[in-house]
Amino acid sequence: MTLPTAVFPLAVTAFGAIAVLLLDAFGKRDSKTPLAVLSLMILAASAVLAGRLWGRSAFGFGGLMRLDDAAILVSMIVLLAAAFTVLLGWQWNRRLDAAFGEFYGLLLLAAAGLMIMAQTADLLVVFLGLEVFSVSAYGLTGLKRNDDKASEAAVKYFLIGSFAGAFMVFGLAILFGLNESFGITQTAACLGTGLPAQLGFGFLLAGLGFKLALVPFHMWAPDVYEGAPTPIAGFFSIAPKAAGFLVLSRLVAAVPKDVWKGLPIFPFLYAVAAATLIIGNLAALRQKNLKRLLAYSSISHAGTMLIAVLAGDGASLLFYLAVYLFMGLGAFAALTAMSAPGREYVHLDDFAGAGFRYPWIGAIFTVLLLSLAGFPPTGGFLAKFLVFSAGVRAGLVPLVVLGVVTSLIAVAYYLRVIVAMYMRDPAPGVDIEAENPPALLVLFLGLVGVLQLGLFPANILHFIRQAAASIF
Amino acid sequence: MAAVLFWVFSCVSIGAVLAMILSRHPAHAALWLVLAFASLGGLFGLLAAPFVAVVQIIIYAGAIMVLFLFVLMTIDAKAGIPGEKRTFALAAAIVLALLLLAEIGLAARSLLLAPAAAVSDSIKTAAIGRLLFEKYLYPFEITSLLIMAALVGAVALVKKKDGA
């Protein structure tokens with residue numbers, strides 16, 4: 001029996017996680033560098049294997065595993081996010097006393113879970129992949145064990161995550177009872193059949209909404225981002241969004257176009273998008289802790305991505321995710337760089353004057369913040385532009401207007417950080433250990449990515465359109 | 001033989017449930033519930049549903065009970081329900097019991113009216129095994145990954161500092 005090639009990218013990541021855990025258990029104890037190097041090699045190998053399948057739509061396990069172009073693209077985003085996180089954690093873990101080998105093993109397992117989610121059109125597999133990610137994420141959140149905030153975050157995440165998982169299973173059970181299938185196509189086809197199908201779908205969306213941190217299911221996100229190790233918070237801000245939004249847009253794409261806007265699900269998602277945009281941005285205005293600020297910022301970006309889902313436009317969604325990978329994780333790289341042994345500086349006041357004291361971090365962080373706010377010529381501007389124009393084409397004008405207005409509000413809190421960095425006197429007592437090449441590399445790659453996608457998007461948009469065509 | 005076993009299992013399960021309700025200590029109640037689940041499993045076995053019987057014992061008597069006892073560990077078991085909440089608890093219990101009774105009544109009526117169906121293929125152990133290792137092999141394998149992630153995560157959270 002020959003193994004289907006579709007299995008390889010996932011298998012490499014999953015078995016790689018086991019290899020990293022074994023190396024941690026039986027290898028040398030004093031240095032975690034070999035683990036980081038091995039993790040990077042595994043992630044690269046998995047990405048190469050996935051890339052080789054581009055344009056060929058491979059299947060495995062009787063169709064339960066589906067490696068179409070969209071799945072490959074999202075897997076690439078997840079793998080790249082994991083690689084960035086490994087680089088960020090390299091120095092940070094040692095400084096902040098979270099230097100455990102499990103960091104790398106759990107991170108690879110989390111990435112494997114998200115790849116499982118992306119590489120299927122079967123809701124049971126989606127759920128299991130989501131749980132593999134979530135369970136690893138609970139462990140990752142609590143890695144700083146001597147920190148009360150971390151323990152609080154891990155417990156909160158675990159309880160709310162389990163709750164969300166239960167919601168999803170309940171919804172899946174109702175839907176399976178209705179059409180005896182977990183397939184996304186069959187499930188979407190039964191949506192118009194009546195109240196039970198709507199109810200089941202609603203529960204499913206609520207479960208997904210928890211994991212994507214959409215309002216009103218977002219309460220856990222700021223606490224978890226604050227308590228989790230900073231590199232991991234960066235991973236949470238992009239990777240689960242990429243996989244979750246792909247699943248969501250597969251579901252939406254499978255619903256026949258003529259019934260889609262008549263379903264009660266449509267106004268429900270519409271309201272969720274509006275609430276996410278408003279609450280995410282307004283709450284971010286009040287934050288003094290940059291980790292919490294970026295958490296609310298990522299919530300509001302999820303609201304914008306939801307506009308693309310509602311418009312049924314896969315290309316602008318995937319482009320937004322690709323840009324957010326660089327600007328979101330890049331911003332967390334800046335926070336990671338602002339650390340010294342035993343402490344990290346993530347308060348707004350800590351960044352006062354940082355632009356002149358640490359010119360590289362300050363300058364790149366400024367560009368990334370401008371991109372998050374949506375200024376041209378960065379990728380953040382083009383991503384927002386594509387999503388909003390897709391929204392207008394789909395007739396979602398009120399939502400797009402709301403998106404534009406809240407983007408303007410968002411400028412206020414992003415600029416406040418930049419103002420603090422360049423127009424205030426340096427904060428006393430801030431003394432970072434600037435020697436952190438891996439984190440600076442991620443910052444630099446974030447800058448390159450944001451500018452590349454903003455100035456020369458044509459090549460990447462070509463691939464993204466191809467991927468979007470394969471969503472369904 | 002089957003008739004004797006049926007009466008034994010039935011009496012044991014009814015007795016165990018009564019003892020569960022009447023015992024004062026929550027941990028004792030939980031243990032009586034294990035006995036009730038086990039004898040229910042025996043009844044399923046007598047009904048030629050070996051898979052349901054085994055699942056009843058593994059999932060309910062095993063996994064769910066561990067969860068119960070785990071919760072009991074974290075609360076003050078001796079305190080019981082405080083006085084002001086007792087009437088509320090009683091009312092809620094009565095409502096839930098009536099709902100359950102209505103549900104069982106409805107299910108029994110539809111079962112008694114319908115002609116007795118032969119044991120369907122889908123609950124035979126061999127058929128379930130075949131489904132699990134052919135059609136649902138991939139989800140089954142992911143579950144193993146899930147359990148490993150849970151184990152590693154739990155170890156990471158409780159590990160002593162510096163891997164000692």
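Start by selecting the contact: 23 residues of chain B and 30 residues of chain A take part, contact meaning heavy atoms within 4.5 Å. Together chain B and chain A bury about 2200 Å², with 77% of that on carbon and sulfur atoms; buried area is the accessible area (1.4 Å probe) that two parts lose on being put together, summed over both. Look for salt bridges across this interface and you get 0, where the rule wants a side-chain nitrogen of Lys or Arg within 4 Å of a carboxyl oxygen of Asp or Glu.

A word on the ground rules: this is a predicted model, where local features need pLDDT of at least 70 and side-chain atom pairs count only at pLDDT 80 or more, while totals for chains, interfaces and linings use all residues. Residues are numbered from 1 along each chain as its sequence is written, chains are lettered from A and ligands numbered from 1 in the order written, and side-chain values use heavy atoms, leaving out hydrogens and water.

Over all chains, the salt bridge count comes to 12. Pick A:Arg66 and A:Asp68, whose side chains meet at 2.8 Å, N to O. Both are buried (under 20% relative accessible area, with exposed over 50% and partly exposed in between; 1.4 Å probe, protein chains only).

Next, select A:Lys156 and A:Asp223, bridged at 2.7 Å. A:Lys156 is partly exposed at 31%, while A:Asp223 counts as buried at 18%.

Last stop: A:Arg393 and A:Asp313, 3.8 Å apart at their closest N and O atoms.
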